[in-house]
Amino acid sequence: MLKPGARFKSAVCETQVMVVKSPPGEHDLRCGGVPMIGANDPAPANVQADAAFAGGSLIGKRYVNADESLELLCTRGGAGTLSLGATPLKVKQAKQLPSSD
Amino acid sequence: MAPAQECRATLSARPEETAAVYARRLLASLDLDPARPLEPPAQHPAQAWAESGLMALTGLPDGAPQMCPAPLAACADGALAALAAIAPPDAFTGLRGATLLGERAAIRHLTRSGAASPSGGCRLLATRDGAIAVSLVRDDDWALLPAWLECEAVGDWEAVRTRVAHAGLHDLVERGRELGLAVAPDVPVPTPAVPWLRADPPFSRRQRVAAAPRRAPCVVDLSSLWAGPLCAQLLQRCGARVIKVESLRRPDGARRGPAAFFDLLNAGKQSVALDFSDARDRARLRALLARADLVIEASRPRALRQLGIRVPELLDENPRLTWVTITGYGLGEPQENWIAYGDDAAVNAGLSYLMRQATGLRLIAGDAIADPLTGLHAALAAWASWMGGGGRRLSLALCDVVRHGLQFDRPDSVAALRARQREWTARIAPEAVRPPQARAPAGRAQALGADTAAVMAAFNLA
């Protein structure tokens, strides 16, 4: 279960994310093709990024799955591609501007 | 005497010169002498606040309108007077700065709402250890609340208030800013002097005399909502041609607000709409920016970089360019990434803290006051830079412009602040508290993209 507000980091690059929303259940959240780890967990030794998942992540962008039921905010960009299992997440379109403040 | 002491000595004897003293201070910080005499309204700052409409907008909904013990309305008068003194003659005849602060509220018929902004978008909320201001103005902001508050979906302000009350201020502000929410701590005005403007390179007299331009400048305005469009509109009154450039997919949100307000700020500007996701349109945008005399933008710097726009490169290519950046909290990491609107930025500047010291009440003062105040200051700096030949990046932060105004003629103790609050309040008879007023728009604003083809043709970018 990915709780809103939970933070994860890549095991193989600089990428960090915060969960904005997530459907219930288990999710195989990866970056660079390797499962992501908790923000405070030590990076595992001897893991390498999968060259097929080297599209990079951009700080400030929001990443979603196909039906946008899962949404992550990238809080630090890196070299790896964010994915659920082998399916890359895609960048969500920017928020509409407010009509006033 | 040191300038601060001189200011205090002058203003305590002749408070009706507050706007003039402020105008001279702004011009001095631009290393500029007025071309004509300064003619701000000679009015006590308490009276300026009452006449601006902001007093009517400040206070509890069922309580009395509240004085502001800082001369912010007089500062607005001073900023416009400084601009008028270097602008073409009569550009601002009949207009006063203080009135500009209440125009949106006048058009939207807003009223004072205590600890909520008159527009309802921003609220002061108590946390476990202090208060914060948060603006939730996009539907999407509500979707971010579970991540911000680490909870299930939150549907209304009451639920937000309950959640926030049990969380720590520091964590709420940090996490909120990371998520792109406009969250700010309710803190006092800082003691070290805050500049209202950062100019790179700084203003210098020598450069200005060498390069006084003759023709009217071309302004490309990439900004939205209030501060930036007001800045561009004031430059338009100085004779500038203004091209308002919007994203085709994400146009200025104010287009969906009251037409009278959008028209007021944007009538007479040409409208260009480009598809920022299209490489050809991005190239046209860049080419247009490189040929402008002034650019006004209020984007997050990383958003511009992601569009391929690098300000130093453009300043190199076009040595006469003046680039005006408006942010909430200034350039540099991490603050250039923080979202701000006019109410929450003013809270971070210290305005609500000051109001609480003076009145005992938790209040949002005015209506998004940082927006119009920053727009006024930005227009002054922009016009001064253009007159001096350009070649400069100007950066104004909503929070710092308000801080600068709050530091101007600041009482030196809480006791002095409360004494001033009593004295200034006593000066204003109930019937002297005016409702906010707005100018009539000069016409209708152009429809989105109505001038894209014509502007592109004129710049040979078709």
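In what order do the four strands of the open sheet in chain A stand? The order is β4-β3-β8-β9, and the pairing is antiparallel. Strands are DSSP runs of E with at least two residues, helices are runs of H or I with at least four, and both are numbered from the N terminus. Two strands pair if DSSP finds at least two bridges between them. The edges of the sheet are β4 (34–35) and β9 (87–88) of chain A. Each has a single partner strand, so one side of each is left without a neighbour in the sheet. Strand β8 (residues 82–84) of chain A runs antiparallel to β9(A), joined by two bridges. Leu84(A) has Thr87(A) of β9(A) as its bridge partner.

The model is predicted: local features need pLDDT of at least 70, side-chain atom pairs count only at pLDDT 80 or more, and totals for chains, interfaces and linings use all residues. Residues are numbered from 1 along each chain as its sequence is written, while chains are lettered from A and ligands numbered from 1 in the order in which they are written.

A further set of pairings in chain A involves β2 (16–21). Strand β1 (residues 7–9) of chain A pairs with β2(A) in the antiparallel sense over three bridges. A hairpin of six residues joins β1(A) to β2(A). Lys9(A) stands opposite Gln16(A) of β2(A). β2(A) also runs antiparallel to β7(A), with five bridges between them. Here Met18(A) has Leu73(A) in β7(A) as its bridge partner. Five of the six residues of β2(A) are buried, and the strand is mostly covered. A residue is buried if 20 or more other C-beta atoms lie within 10 Å of its own, exposed if 12 or fewer, and partly exposed in between, with C-beta atoms placed from the backbone.

Between the chains, 18 residues of chain A are in contact with 27 residues of chain B. Contact requires that C-beta atoms, placed from the backbone, lie within 7 Å. β2(A) and β7 (71–76) of chain A each supply at least two residues of the side of chain A that touches chain B. β2(A) gives the most to that side, with four residues. By class, the side has eight nonpolar, six polar and four charged residues. Nonpolar covers Ala, Val, Leu, Ile, Met, Phe, Trp, Tyr, Cys and Pro; charged covers Asp, Glu, Lys and Arg; the others, Gly among them, are polar.

In chain B, helix α17 (residues 342–349) has eight of its eight residues buried, so it is largely enclosed by the rest of the structure. Its cover includes β1 (122–127), β2 (130–135), α18 (351–359) and α19 (370–387) of chain B. Gly350(B) follows α17(B), with a positive phi near 115°. Pro192(B) lies in the loop between β3 (182–185) and β4 (198–200) of chain B. Pro192(B) is exposed, with 6 other C-beta atoms within 10 Å.

Helix α12 (residues 227–237) of chain B packs against α19(B): their axes come within 8 Å and cross at roughly 40°. Axes are lines fitted to C-alpha atoms over the stretch in contact, and angles run from 0 to 180 degrees between N-to-C directions. That makes α12(B) oblique to α19(B). Angles under 35 degrees count as roughly parallel, over 145 as roughly antiparallel, 65 to 115 as roughly perpendicular and the rest as oblique. The contact of α12(B) with α19(B) has 10 nonpolar, three polar and one charged residues.

Note on methods. Two residues are in contact if their C-beta atoms, placed from the backbone, lie within 7 Å.
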